[in-house]
Amino acid sequence: MQIKTANRENFTAKQRKLSDIAYLVLHYTGNRGDTAKNNADYFAREVTGTSAHYFVDENEVWQSVPDGHAAWHCGTKGAYYHPACRNANSIGVEVCMLDKHGKLRQGSVDRAAALVRELMQRYSIPPDRVVRHYDVTHKDCPAPMVQNPALWREFQAKLTQEDDEMKYYEKLTDIPAGELRDTVQLLIDRKAIAGNGSGLHLTARLLIK
Ligand SMILES: [Zn+2]
């Protein structure tokens, strides 16, 4: 995880207790083909009056606002549709969810699920307290998961899967040495898997025989 703290005018200066954190809110940046770093840089540079704790793409997580401060990611001047989730008691996770054609970036979604699982564990947050921005204010965010609720249910399912299923092998050398790695090497050599052994994004379901 990389850290680049947002401009101090973009989040609440006063610290909160970590025990206040009770909800995790999922967002999408709405941009196409952006990176977590792009966003961290932007919110560090500009005074936007908005912020989020984390930005996630398929390769990296950037922390922009420390967990001990409220970020401004799910507030509204209008009505709240969630009885309790607010900026003050939540962590905002922004996902770089769209490729340059506007299609879903599954790698970003998977990495976000892994981050959310970590945060659930760290702050003892149950799955039903992981919500979409939409669930708090009815904003169309994250749009792919509002327009297609099946995608949201898929994301929710990832939060409770057995640990092993959530591991990803990005590089050939991430795979435990042995028969399995040899098999993947063979598939790469035979061009059955594109690329050269980096950026594989294979799940640990490989291990299930
Ligand atoms: Zn949002």
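**Ser-124**

I started with how open Ser-124 is: its relative accessibility is 64%, so I put it down as exposed, the cut-off being over 50%. This is a predicted model, and I read every entry here with that in mind. Next I looked up the backbone of Ser-124: phi is positive, about 50°, although the residue is not a glycine. I then placed Ser-124 in the chain and found it in the loop between α2 (106-122) and β6 (130-132).

**His-138**

I checked another residue with a positive phi. His-138 has a value near 70°, and this residue is not a glycine either. Is His-138 buried, exposed or partly exposed? I noted a relative accessible area of 40%, which means partly exposed. His-138 sits in the loop between α3 and α4.

**Cis peptide**

I stayed with that loop and looked at Pro-142, which lies between α3 (133-137) and α4 (143-147). The bond between Cys-141 and Pro-142 is a cis peptide, and I have omega at about -10°.

**Zinc site**

Cys-141 turned up again when I went through the metal. Which atoms coordinate the zinc ion? I wrote down ND1 of His-27, ND1 of His-133 and SG of Cys-141, at 2.1 to 2.2 Å. Along the sequence, the spacing of these donor residues reads H-x105-H-x7-C.

His-133 has a relative accessible area of 5%, so I marked it as buried. Cys-141 is buried too, at 3% relative accessibility. Both calls rest on the cut-off of under 20%.

**Helix α5**

I moved on to α5, residues 149-158, and listed its buried residues: Leu-151, Trp-152, Phe-155 and Lys-158. Why do I put them on the same side of α5? Because they cover an arc of only 115° around the axis. I then asked what these buried residues pack against, and my list has β2 (23-28), α2, β6, α3, α4 and β7 (168-169).

**Domains**

Last, I looked up the domain assignment of the chain. It gives domain 1 as 2-161 and domain 2 as 164-207. I noted 30 Å between the centres of domain 1 and domain 2, taken over C-alpha atoms.

Definitions and conventions:
Residues are numbered from 1 along each chain as its sequence is written. This is a predicted model: local features need pLDDT of at least 70, side-chain atom pairs count only at pLDDT 80 or more; totals for chains, interfaces and linings use all residues. Side-chain values use heavy atoms; hydrogens and water are left out. Donors are N, O and S atoms within 2.8 Å of the metal (3.2 Å for Na, K and Ca); water is not among the atoms, so sites may look incomplete. Buried means under 20% relative accessible area, exposed over 50%, partly exposed in between (1.4 Å probe, protein chains only). Helices (H or I, at least four residues) and strands (E, at least two) are DSSP runs, numbered from the N terminus. The arc is that of the directions from the helix axis to the C-beta atoms. Contact means heavy atoms within 4.5 Å. Domain bounds come from an automatic or database domain assignment.
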